[in-house]
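Please read it alongside the sequence and the model.

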Amino acid sequence: MAPTLPSGDQASDQDNWDNGRLARKRQLLTEIVLRNRLTALVVDGDTTCRVLEQLLLRSYGVQTQGVDNGRDAVALIASGVKFNLIIIDMILPVLNGLEATRQIRDMGVHCKMLGVTACSGESERQAFLAAGVDVFIEKPLDPEHLVPILRELDGQ
Amino acid sequence: MAGSSTDPTQQLNDYIRTMHDQGILDDNFDQLLALRREQNPRFITELISMFTNDAEAYIAEITNALSLTEVDFSTIISKLHQLKGSTSGIGGHRMYQACCELRVAADDGDKDRCDELFLRVKEEFNTLKQCFDSISEMRRNIISNGTRRRRRRPL
């Protein structure tokens with residue numbers, strides 16, 4: 001079912017989108033209601049990607065924090081901050097995603113880790129999974145991949 | 001309601017559909033539009049601006065790396081990775097494809113091929129920028145039309 005449109009100057013142009021792809025994407029965005037408050041760390045060196053991933057997570061009610069390099073991600077986890085979900089890119093400044101993932105896992109962190117990267121080769125996929133991510137996703141992160149994971153984390 | 005060719009919203013719809021047909025935009029751009037509903041009205045404009053600024057910086061760094069006597073393929077691959085990721089997120093399909101092809105050449109350490117394919121990346125970036133400029137302009141028209149209609153409403 002299509003979501004209720006808010007009032008205001010966005011209503012008329014939203015009403016008039018006749019793109020079936022857009023309607024399907026919008027339905028995916030409203031498909032899930034989380035019962036629990038979930039938190040996620042987004043680790044991506046690119047601002048656009050980091051912002052997009054955080055916005056997508058927030059659209060589902062996930063509280064997010066973002067860092068732009070692997071060293072800061074490891075430091076944040078080492079400081080004791082806990083997350084239900086970590087989304088991490090493979091190629092990162094300072095400390096790359098593979099090594100950052102290994103170090104996070106070596107700390108005994110067992111939360112769900114998604115390797116979301118523009119790298120698409122099988123060797124990259126195997127390397128990221130071997131480093132410790134649970135799921136390898138080629139960018140961009142989309143609801144089709146994210147929603148089932150959020151449901152699982154939410155115990156649905 | 002059937003839109004006329006002068007209806008700004010219909011014009012924007014038609015323009016985006018054309019961009020899809022030409023392969024300039026893909027479904028990931030549609031996902032941004034769906035996300036927009038959760039955000040502020042200027043979300044798309046701000047995101048496009050963010051993408052454009054970062055992409056220009058990446059392109060400048062790749063240009064520099066390619067111009068070195070000893071080509072810095074490591075930097076090219078690193079910056080290209082980020083450019084590829086943000087391009088896919090924003091829905092720039094043809095530009096993304098161009099980045100993928102350049103990545104192969106960079107992995108092979110083929111400078112001549114890199115030069116050739118990087119030219120295509122820059123061309124597709126310019127095409128995508130023009131597309132986004134047009135979309136932003138049309139959206140501004142829609143918003144200002146909406147503002148004018150609200151002002152004309154009787155109290």
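H3(A) and H3(B) are roughly antiparallel to each other in this predicted model, because they pack at an angle of about 150° and angles over 145 degrees count as roughly antiparallel, under 35 as roughly parallel, 65 to 115 as roughly perpendicular and the rest as oblique. Their axes are 9 Å apart; axes are lines fitted to C-alpha atoms, for helices over the stretch in contact, and angles run from 0 to 180 degrees between N-to-C directions. Helices (DSSP runs of H or I, at least four residues) and strands (runs of E, at least two) are numbered from the N terminus.

**Contact between the chains**
- H3(A), residues 47–59 of chain A, contributes A:Thr47, A:Thr48, A:Val51, A:Leu52 and A:Leu55 to the contact (heavy atoms within 4.5 Å).
- From H3(B) come B:Phe43, B:Leu47, B:Met50, B:Phe51 and B:Asp54.
- By class, these residues are seven nonpolar, two polar and one charged, where Ala, Val, Leu, Ile, Met, Phe, Trp, Tyr, Cys and Pro count as nonpolar, Asp, Glu, Lys and Arg as charged, and the others, Gly among them, as polar.

**Aromatic pairs**
- Rings of Phe, Tyr and Trp (its six-membered ring) pair if their centres lie within 6.5 Å; planes under 30 degrees apart are stacked, over 60 edge-to-face and the rest tilted.
- Over all chains there are four aromatic pairs.
- One of them joins B:Phe51 and B:Phe132 edge-to-face, at 6.3 Å centre to centre and 90° between the planes.
- B:Phe51 lies in H3(B) (residues 43–67) and B:Phe132 in helix H6 of chain B (residues 111–152), so the pair ties together parts 81 residues apart in sequence.
- Both B:Phe51 and B:Phe132 are buried (under 20% relative accessible area; exposed is over 50%, partly exposed in between; 1.4 Å probe, protein chains only).
- B:Phe29, B:Phe51, B:Phe125 and B:Phe132 form one aromatic cluster.

**Chain A**
- Chain A has seven helices and five strands.
- Buried residues account for 53% of its 156 residues.
- H4(A) (residues 70–78) and H5(A) (residues 97–106) pack at about 10°, axes 9 Å apart, and are therefore roughly parallel to each other.

**Conventions**
- Residues are numbered from 1 along each chain as its sequence is written, with chains lettered from A and ligands numbered from 1 in the order written.
- Local features need pLDDT of at least 70 and side-chain atom pairs count only at pLDDT 80 or more, while totals for chains, interfaces and linings use all residues; side-chain values use heavy atoms, leaving out hydrogens and water.
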